[in-house]
Amino acid sequence: MRSRSNLFLIAILALISTPLVIMYVFQLIDSVSRPALGGFLPQTWELGNWRFLWETIDSARPSIWRVTFNTFVFAASTALLVCAFSITAAYALSRLNFPARRFFLAGLIMLHAFPTITLIIAIFIVLQFLGLYDSLIGVILVKAALELPFGIWIMKGFYDSVPWEIEMAGVQDGASRFRVWRELILPQVKPGLAALLIFSFLAGWSEFILPLVLAPGADAQVLATYMNAVIADDMRPDYGLFKAIGVFYALPVIAVYLLFQKQLMNIYGGGTKG
Amino acid sequence: MNKQKLLGAAFISPALIAVIVFFLVPVILTVVFSFTNMSTSTGILGGEYQLTQSDLDDLSGAGVSDEAITLLQGAGYAMTDESLTAFETEFGKTRADELAQKFPDATFDSRRDMERALKELRTDPLRSTRERKAAAELFRQSILGQRYETKDDFANAVSALNISAADTQPLTEVAYTGWTFTTQNFELLWQLPATWRYAINTVIYVSLTLVFNVTLGLFLALSTFFLPDRIAQTFRTIWFLPRILPPVLYVMMWQWMTWDQGFISSLLAPLGVDRIDWMRHSAVHGWTVLVLINGFVGASLGMILFSSSLRAIPQTQFYAAQVDGAGRWQQIRYVILPQMRWPILFITSYQTLSLLTSFEYILLSTDGGPGRQTEVWALAAYHTALSNYGGNLEYGLGAAYALALVIIGIILSAIYLRFFNFRELVAKPRIEQ
């Protein structure tokens with residue numbers, strides 16, 4: 001009885017998962033093959049789909065390596081900034097008693113729910129005022145700031161789970177609060193910090209709207225805007241090329257996912273952004 | 001105690017500065033900008049003062065007297081140093097010198113007089129009428145087309161033409177090229193039929209996607225909960241991927257599925273179905289694909305959150321239910337669903353807010369098409385202020401669109417703060433080593 005209803009469940013699940021599975025499978029197949037005209041089954045092997053790696057696909061486009069480097073710098077810098085700001089701010093909110101702490105906590109919860117994308121028009125103009133428009137630094141700062149409430153929220157959760165006794169013991173032995181934080185508490189939240197780092201890196205790696213709006217020039221292009229531009233420019237879509245670029249773009253994401261699956265599942269479960 | 005306060009302030013200030021610059025200031029600026037006519041043509045910093053030929057038509061509407069308009073149009077012709085220099089570069093030094101010698105500091109009331117003077121050139125005459133016309137134009141005294149950096153410069157230039165002070169004020173307003181404060185954005189929003197179209201589209205989009213998301217997310221979480229671990233894990237991975245794959249890539253896969261030479265068309269072609277663009281063929285096609293694209297990602301989030309809440313239900317409750325002879329349906333109905341009330345409420349409200357305001361997947365897929373039939377409010381704000389084919393980006397109007405969303409965002413997040421105890425809703429993110 002149980003196994004029969006399980007089989008039924010699996011059948012339904014398999015059915016509704018079919019579109020996704022087809023997309024994943026053909027994503028890989030089409031990146032190295034060419035289908036017959038008007039069909040979808042692979043006909044010939046085609047490594048030319050990967051030509052973007054060794055030549056610029058058309059004259060106006062920057063080299064893929066330059067773009068990949070930009071994407072890495074963007075994702076890594078935002079991740080580091082988010083982590084650096086979050087570990088201090090979250091500790092203060094979790095453990096330190098300072099004026100208006102309740103106010104900040106309420107503000108954090110509101111910011112955590114607030115849809116930041118609605119501010120993009122104003123941020124666009126703020127960056128122009130600051131002279132950071134169309135530069136990688138500008139987008140990095142914006143992305144880091146927008147991810148910050150989420151980062152603080154997650155880190156606060158980790159700090160909350162560290163037993164007070166550890167801190168008490170440190171303070172009793174005469175260490176300053178700063179030293180207690182650095183030498184006793186930080187090692188306790190390391191796994192959380194690692195998870196936040198990975199999560200923010202992935203968020204930066206995939207980000208599309210912010211670079212599109214705030215840094216549209218060729219110098220600051222990232223893989224998301226690069227791929228979008230290649231797709232948008234083609235009069236007749238060359239899905240072999242698009243899919244090869246897609247596989248190239250997604251490889252680090254898949255690698256990170258396979259390596260840190262457990263941490264990510266937890267943080268995606270706890271976090272709600274995106 | 002004081003030291004601790006200092007530490008607290010030092011620890012929180014970097015985050016606080018970031019929040020002020022990129023949250024608080026933009027919220028305030030969205031309000032401010034929505035009351036301006038800021039656009040690409042006005043620039044975002046201050047403007048200059050310049051009257052152009054085409055402005056003249058608008059002047060009487062702006063309350064400038066006809067007298068002043070005539071003065072602006074024909075302020076006569078004069079042998080000034082600037083006009084002679086301009087004449088020299090176009091027509092040569094000999095002619096310019098002769099002209100300066102024959103008519104020192106002369107002024108002419110009409111173009112005919114000016115052209116007559118130009119006919120007087122003897123050493124190197126201007127023979128064709130066309131040349132003389134062009135040359136006469138160089139001597140015309142007019143403030144049209146001139147740029148003045150400050151208001152005073154402009155006012156001086158205007159009063160030099162003997163235009164009365166009463167006319168100067170409206171003239172200055174027309175001449176200013178920078179942005180000004182206005183309420184016309186909101187009047188426009190109120191009047192445009194498109195506004196209502198976008199609002200209705202948004203409601204359709206949010207409600208359809210929401211129902212799809214929550215139902216599918218709940219189904220995925222429940223079904224994988226009852227299945228053996230390995231199979232459950234496979235399905236969870238399949239459904240987790242849309243969430244971590246970059247949006248550009250994820251939507252490209254859907255484009256490949258739906259374009260007229262794509263997977264669906266190729267699959268159905270042997271059955272005699274016409275090849276169509278399954279994403280943009282009609283509004284119904286557009287909405288269906290949009291709901292699926294967003295729904296799969298949303299269901300992914302729902303699945304993760306619901307799964308973690310399911311695992312938090314003590315196993316003993318299921319044992320007890322089984323002992324009492326409850327089947328799977330009854331377990332779901334009487335044990336699971338009552339305990340899932342809060343997570344479902346949370347996902348629903350969270351996704352309402354996020355669907356209302358996010359436009360990334362729509363921008364990448366239908367981009368509001370076909371026509372403007374799948375254009376939602378947030379996308380309209382983006383199109384108005386940040387990307388349109390006309391090229392004149394209307395920041396002010398776009399900010400007015402965005403302001404509606406900002407206000408809804410603030411209200412809803414304040415309600416969440418008031419009613420939801422976030423800490424209880426979301427399982428504490430804790431990662432065991």
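**A walk through chains A and B**

Hi everyone, let's start with chain B, which is divided into domain 1 (76-141) and domain 2 (187-425); those bounds come from an automatic or database domain assignment. The centres of these two domains of chain B, taken over C-alpha atoms, are 71 Å apart.

Before we go on, a word about what you are looking at. This is a predicted model, in which local features need pLDDT of at least 70, side-chain atom pairs count only at pLDDT 80 or more, and totals for chains, interfaces and linings use all residues. Residues are numbered from 1 along each chain as its sequence is written, while chains are lettered from A and ligands numbered from 1 in the order in which they are written.

Now to chain A. It has 12 helices and two strands; here helices (H or I, at least four residues) and strands (E, at least two) are DSSP runs, numbered from the N terminus. Along the sequence, the order is α-β-β-α-α-α-α-α-α-α-α-α-α-α. The C-alpha atoms of chain A fill a box of roughly 75 × 65 × 30 Å along the principal axes.

What does UniProt say about chain A? An unreviewed entry gives "domain: ABC transmembrane type-1" for residues 68-260. UniProt positions follow the numbering used here, feature names are shortened, and annotations may be inferred rather than shown by experiment. In the model, that span of chain A is 79% helix and 0% strand, with its end C-alpha atoms 22 Å apart. The unreviewed entry also lists "transmembrane region" at several places in chain A, including residues 7-29 and 105-130. Residues 7-29 of chain A are 100% helix, whereas residues 105-130 of chain A are 77% helix.

How do the chains meet? 83 residues of chain A are in contact with 78 residues of chain B, where contact means that C-beta atoms, placed from the backbone, lie within 7 Å. On the chain A side, helix H1 (residues 2-31) gives the most, with 12 residues.

Over the whole of chain A, 47% of the 274 residues count as buried.

Terms used: Two residues are in contact if their C-beta atoms, placed from the backbone, lie within 7 Å. A residue is buried if 20 or more other C-beta atoms lie within 10 Å of its own, exposed if 12 or fewer, and partly exposed in between; C-beta atoms are placed from the backbone.
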